[in-house]
Amino acid sequence: MSAADPAKPPAAEPALPGRWRAAPSGESERQRAWGLHVRHVLSENPITLLAALMFALLVFLALFGPYIVPHDPLASNAAVALQPPSAQHWFGTDALGRDIFSRVIVATRLDLGIAVSAVAASFLIGMPLGLAAGFFGGWWDRIVSRLSDTIMAFPLFVLAMGIVAALGNTVGNIVLATAVINLPFYIRVARAEANVRRNAGWVEAARLSGNSDWRILARHLFPNALPPAMVQLSLNMGWAILNAAGLSFIGLGVRPPDPEWGILVAEGAQFIVSGEWWVSLFPGGMLMLAVFTFNLLGDALRDIFDPRRRT
Amino acid sequence: MMLKLIATRLLGALPNIAGVIVITFVLTRALPGDPAAYFAGGAATQEAIEQVRRQLGLDKPLLEQFFDYLGALARGDLGLSLTTGQPVLQELLQRLPASLELVFVALVLACAVALPLGVLAATRPGSWIDQLCRIVTTAGVSLPTFFTGLLLAYVFYFLLGWAPSPLGRLDPMFSPPPQVTGLYVVDGLLAGEPGLAWAALKQLVLPVVTMALFVLAPIARMTRASMLAVLSSDFVRTARASGLSQGTVLVTYALRNALLPVVTTLGMVFGFMLGSSVIVEKVFAWPGVGSYAIDALTASDYAPVQGFVLAMGILFVLLNLLVDVLYVLIDPRVEVNA
């Protein structure tokens, strides 16, 4: 269940950040309680703080990575091909003599970009569909639920492969495929949240005061569905990165020589058996750290928004 | 009563099968560019393209094309692979045992590790084994399978030399055993060649461990959570208060009930495994259906890819059905309610 209890009036809900819900009174009081709660969650699990720092680092690298790397990520130099990590090349060089450290850093933007756009698309499409399905019920609910069940009837990675193979081998289609396979999660979260609240007293009150159905959906039910959706968003980010990297690892989407973590691992795979581990393992490790960061953040968000669902 | 329940589940799977077929059909018609021009070849004239279009039935209305597609599926016709010239269905069936071998052995291994881990973590919350369980479940879902696979290959093949060369199902020294089950280890034993079975088993270890590491996390997490919930329930307290031994309480009372949600997660776990098997097969050059699809993709040969997506979709629906039936069979409350 979510943090908000439908039986109580909105004023009794646990505090949410002020920008999501305008609080009529006791604003500062509430913010203080919220701050204490966040600090409590952070102090109980210091790893969360680490995850937040990692997240900041990833965002920084995505924004400024190309300007701070020591070497041109695309410049090959046969004289230094396949060299192990050194002071000159921190992560070593690949078969063409390109600097792996620079390639791994520059790849951050593409990998995060794919994941962010895909997850944002699923969120923006899935939330309205799910809210409407849960709120209106009837045939609308049947269609939306059938759609999400049908997507979930596939092993999701295989469906993503099929979509990219059918629509064409481009980065745009990787984003599209990743968005499609994440869609059911948002539909389900939003549908469940709207469904349990559609007959709540405060929804009736909002309707009686003259709000249209769509306005109730957007202004009253959507904010209530946000906390669980945010948790889903963070967990999905890690998963979307894994998925996109997996697709490019098997040769879909991103084309060489563009640096992307999945492709970088694939390029180094053949050298593993002859002992040149750095070509694959550094980009793979970076990918793992990024996914780990988002998963930890998702867990932390869940602890903050919904202490009861902790496992 | 139980048969009726199982029959209901069977009927419930039909819409999913239908959905899988519709989506696969849409994907086949969404090929980049003009499929007729594609199949006619690069140098084809306009007339040749039109002729191919008629041959493939692409000039008919979409609904009619859909029924043609259904008819072809009913005959088991998934088209021909352009690169090998063989029927796709035949090639898929030939390679399926290799993939299933990987998936099922990995599942057994993952359960063998994750169930005790989850149970121990739940019985001793806060202890080192609980922390271990927490680390395993968080790290497990973050590990890209291709990263784990390559790391294992590097450590156990290159550094330690314990594992055989991580390529394929069998050392090239051996020839495959006569096919009975399609599983090399079993077939090797059946053929009375323990050496061959041993070699096949050694090839199997790294890919299976890679995959098991990936699905360990959801199983352990669910086992721990549901064990915790069951252990704090009234009937376990009653059982304890009645002086039953710790073992009886844990296994007979708690675990049996805690397993039900775990069985439900198995459906999701199968989905993960079928997806990740594609990547694991590529990493270890495993000749299963996944690497077949990747090879076809690289060669822009679409019929095998579409056949693969359809086959995986249907296989997944069937596995979910199996999980549902298993649930009905092991849920002690079903008979009481019915």
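1. Chain A follows the pattern α-α-α-α-α-α-α-α-α-α along its sequence, with 10 helices and zero strands. Helices (H or I, at least four residues) and strands (E, at least two) are taken as DSSP runs and numbered from the N terminus. The model is predicted: local features need pLDDT of at least 70, side-chain atom pairs count only at pLDDT 80 or more, and totals for chains, interfaces and linings use all residues. Residues are numbered from 1 along each chain as its sequence is written, while chains are lettered from A and ligands numbered from 1 in the order in which they are written.

2. pLDDT, the predictor's confidence in each residue from 0 to 100, averages 78 in chain A, and 87% of the residues score at least 70. Over residues 1-24 of chain A, pLDDT stays under 50, and the model has 30 contacts beyond four places in sequence for this stretch. Two residues are in contact if their C-beta atoms, placed from the backbone, lie within 7 Å. Where pLDDT is low, the predicted coordinates should not be read in detail.

3. Buried residues make up 49% of the 311 residues in chain A. A residue is buried if 20 or more other C-beta atoms lie within 10 Å of its own, exposed if 12 or fewer, and partly exposed in between, with C-beta atoms placed from the backbone. Of the contacts in chain A with a separation of 6 or more, 70% are between residues 24 or more positions apart.

4. Helix 10 of chain A (residues 278-305) has 28 residues and reaches 40 Å from its first C-alpha to its last, close to the 40 Å expected at 1.5 Å a residue. The expected span of a helix is 1.5 Å times one less than its number of residues. Helix 10 of chain A is mostly covered, as 25 of its 28 residues are buried.

5. Glu267(A) lies in helix 9 (residues 261-272) of chain A. Glu267(A) counts as buried because it has 22 C-beta neighbours inside 10 Å. Leaving aside neighbours within four places in sequence, Glu267(A) is in contact with Asp94(A) and Val279(A). The C-alpha atoms of Glu267(A) and Val279(A) are separated by 7.5 Å, and the two residues are 12 residues apart along the chain.

6. Chain B has 14 helices and zero strands. The C-alpha trace of chain B spans about 85 × 55 × 40 Å along its principal axes. Of the 338 residues in chain B, 39% are buried. Among contacts in chain B between residues at least 6 apart in sequence, those joining residues at least 24 apart account for 69%.

7. A straight helix of 38 residues would span 56 Å at 1.5 Å a residue, whereas helix 9 of chain B spans only 45 Å between its end C-alpha atoms. A kink of about 35° lies at Val215(B) in this helix, shortly before the proline Pro218(B). The bend at a residue is the angle between axes fitted to the seven residues ending there and the seven starting there. In helix 9 of chain B, 29 of the 38 residues are buried.

8. The largest nonpolar core has 182 residues, and Ala160(A), Met161(A), Ile241(A), Ala106(B), Val215(B), Leu216(B) and Ala293(B) touch the most other members. The largest share of this core, 21 residues, comes from helix 9 of chain B. A nonpolar core is a set of buried Ala, Val, Leu, Ile, Met, Phe, Trp, Tyr and Cys residues joined through C-beta atoms within 7 Å. Beyond four places in sequence, Ala160(A) is in contact with Ala177(A), Thr178(A), Ile181(A), Asn243(A) and Leu247(A).

9. At the interface, 44 residues of chain B are in contact with 40 residues of chain A. Several helices of chain B each supply at least two residues of the side that touches chain A, among them helix 1 (2-29), helix 9 (194-231) and helix 13 (302-330). By class, this side of chain B has 32 nonpolar, 10 polar and two charged residues. Ala, Val, Leu, Ile, Met, Phe, Trp, Tyr, Cys and Pro count as nonpolar, Asp, Glu, Lys and Arg as charged, and the others, Gly among them, as polar.

10. Ala285(B) lies in the loop between helix 11 and helix 12 of chain B. Phi of Ala285(B) is near 45°, a positive value in a residue other than glycine. Most residues other than glycine have a negative phi. Ala285(B) is partly exposed, because 13 other C-beta atoms lie within 10 Å.
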